[in-house]
Amino acid sequence: MNASQTLERPLAGRHDAVDDGDLPPVLRGAFTPVLAEMDVDRLEVIGTVPEDLNGAYFRNGPNRRFAAEGRYHWYDGDGMIHAAYFDRGRVSYRNRWIGTAPLAEELAAGRALWKGLHEAPRRDRPDMPLKNTSNTDVAFHDGKLVTMWYLAGGMYHLDPMTLETLGPARFDGAGALHASAHSKVDERTGEFLFFDYGKDAPYMHYGVIGRDGALAHRIPVELPGPRLPHDMAFTEHYAILHDFPLVYDDDALAAGRHKLRFHADWPTRFAVVPRRGTPGQIRWFEAAPAYMLHVVNAWEEGDEIVMLGTPFRLPRDLAGNIESEKFAKMWSVMHRDFYFHEWRFDLKTGKTRERVVDDVFCTEFPMVNNAHRGQRTRYSYHIAMVRESRMQPRFAGLVKYDYDRGTAQAWSEGRDFFYSEAPFAPADAAESEDHGYLVSFVWNAREQRSEIQIFDARRFGGGPIAQVLLPHAVPPGFHATWVSAERLARGW
Ligand SMILES: [Fe+2]
């Protein structure tokens with residue numbers, strides 16, 4: 001298929017559109033699911049795509065195939081990978097559904113068989129009460145793409161070039177291992193560090209899959225009860241697992257429903273464990289009550305482990321108490337307020353120190369140069385979020401942080417542009433941490449089109465240096481990764 005062919009659906013619909021009948025905000029306008037799978041060889045470019053930007057940009061996200069009964073949540077959609085391949089200034093595009101087992105069942109039935117997060121889970125399917133859409137995250141490991149789901153479950157393997165689903169991810173020595181989104185690859189070792197969590201004791205596991213695709217390590221991480229962690233971190237020698245006081249309500253769980261409760265009087269706990277450590281080597285560090293989706297990075301500094309992230313700003317009433325019900329609701333709807341935070345775990349004293357890095361900008365979906373992940377990084381690149389966005393999350397721009405200088409630089413072109421998690425893509429012969437580019441799918445409502453914007457990370461304030469025009473609208477999604485041409489060729 002080439003770019004001149006007829007688009008499969010009109011690009012109409014601004015992301016604040018209100019005229020699409022009863023559809024929820026996360027199914028209309030820019031969020032309208034895309035039904036076509038396309039391959040476009042050479043995309044039109046405004047500006048110049050750098051010759052030293054070579055590799056592939058992969059982004060996962062929800063893209064509903066069949067309408068289900070009941071209320072729709074943005075997290076419900078079936079996973080679809082959108083990919084852009086960069087080759088010496090030329091860009092091609094491909095998108096494919098992730099061929100999950102439940103989607104195959106629905107395709108065979110010709111209709112939805114699972115309802116969404118807002119409705120009751122399926123009691124007749126203890127193997128899959130909620131649909132594992134694999135729609136949340138994507139990584140490159142052992143020559144394949146690995147797609148993951150935020151509620152943890154079986155992962156899927158995809159061919160990185162064709163995006164064909166190869167099947168449920170299976171690992172030597174472990175079979176079809178379960179893991180959560182934000183299990184992550186250490187590009188320095190090629191290892192895949194994973195965590196899995198669930199509703200049964202011990203409630204969490206942590207492990208390592210080697211560069212060769214074989215299970216190298218797996219241990220239980222005992223939690224006091226079922227939790228809803230979202231991310232993990234690693235340094236050169238340690239892994240860090242999260243126990244935030246956002247928990248499933250026991251009574252609701254017993255009745256087969258999902259309801260979250262935030263315990264404002266419980267500490268946050270972080271497990272620090274050597275990367276190949278035993279359960280007995282886990283050290284728990286307590287910190288102030290918090291909830292966070294995404295880690296920026298973590299590293300070792302003398303006797304301390306530093307972890308940066310973008311937690312929610314907790315709502316407080318006039319008496320200074322955190323309103324736990326309000327917070328649980330905040331999590332499940334789209335009114336979100338985040339800031340940039342630092343934790344320091346002192347391995348000698350067992351104490352935690354923490355501080356706010358930045359609360360001027362509301363940012364989330366943080367990225368660093370992944371070649372430096374687990375090591376000290378100076379720069380991170382976040383999405384500027386709109387705090388109140390009428391049930392539609394809005395990724396309004398990009399922010400580059402300089403941790404050394406304590407500065408932040410933002411890029412926005414106003415409300416007509418909706419960004420996507422923007423991974424850092426190192427230049428071919430990178431000479432410094434920020435020598436490279438940021439790539440982001442963007443819904444450009446001003447021109448009523450989707451495009452990929454490319455920023456020079458070192459000259460970030462100048463705005464995009466190129467806009468790559470896409471053949472159809474790419475709805476906003478979740479997590480993305482950049483895989484350099486060198487890594488694609490090497491396989492890890
Ligand atoms: Fe996430």
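1. Residues 24 or more positions apart account for 61% of the contacts in the protein with a separation of 6 or more, where contact means heavy atoms within 4.5 Å.

2. The model is a predicted one, in which local features need pLDDT of at least 70 and side-chain atom pairs count only at pLDDT 80 or more, while totals for chains, interfaces and linings use all residues. Residues are numbered from 1 along each chain as its sequence is written, and side-chain values use heavy atoms, with hydrogens and water left out.

3. The protein has 4 helices and 35 strands; helices (H or I, at least four residues) and strands (E, at least two) are DSSP runs, numbered from the N terminus. Its radius of gyration is 21 Å, close to the 23 Å that the globule rule gives for 492 residues, so the protein is as compact as a globular protein of that length. The radius is taken over C-alpha atoms, and the rule is 2.2 Å times the number of residues to the power 0.38. The C-alpha trace spans about 60 × 55 × 55 Å along its principal axes.

4. Of the 492 residues, 60% count as buried (under 20% relative accessible area, with exposed over 50% and partly exposed in between; 1.4 Å probe, protein chains only). The protein exposes about 19,200 Å², of which carbon and sulfur atoms supply 48%.

5. The iron ion has as its protein donors His 182, His 230, His 294 and His 479, each through NE2, lying 2.1 Å from the ion. Donors are N, O and S atoms within 2.8 Å of the metal (3.2 Å for Na, K and Ca); water is not among the atoms, so sites may look incomplete. Along the chain the donors follow the spacing H-x47-H-x63-H-x184-H. His 230, in the loop between β15 (215-220) and β16 (233-234), and His 479, in the loop between β34 (466-469) and β35 (480-484), are 249 residues apart and link distant parts of the chain. Both His 230 and His 479 are buried.

6. The site of the iron ion is irregular, with angles of 87 to 172° among its 4 donor atoms. Four donors count as tetrahedral if all angles lie between 85 and 135 degrees; four count as square planar and six as octahedral if opposite donors are over 155 degrees apart and all others between 65 and 115; anything else is irregular.

7. Strand β4 (residues 79-87) is largely enclosed by the rest of the structure, because 8 of its 9 residues are buried. Strand β3 (residues 55-62) pairs with β4 in the antiparallel sense over 8 bridges; two strands pair if DSSP finds at least two bridges between them. Opposite Tyr 57 stands Ala 84 in β4. Strand β5 (residues 90-97) also pairs with β4 in the antiparallel sense, over 8 bridges. In the hairpin of β4 and β5, with 2 residues between the strands, Arg 88 takes a positive phi near 45°.

How values were computed
Areas by Shrake-Rupley, 256 points an atom, 1.4 Å probe, with all protein chains shown as cover.
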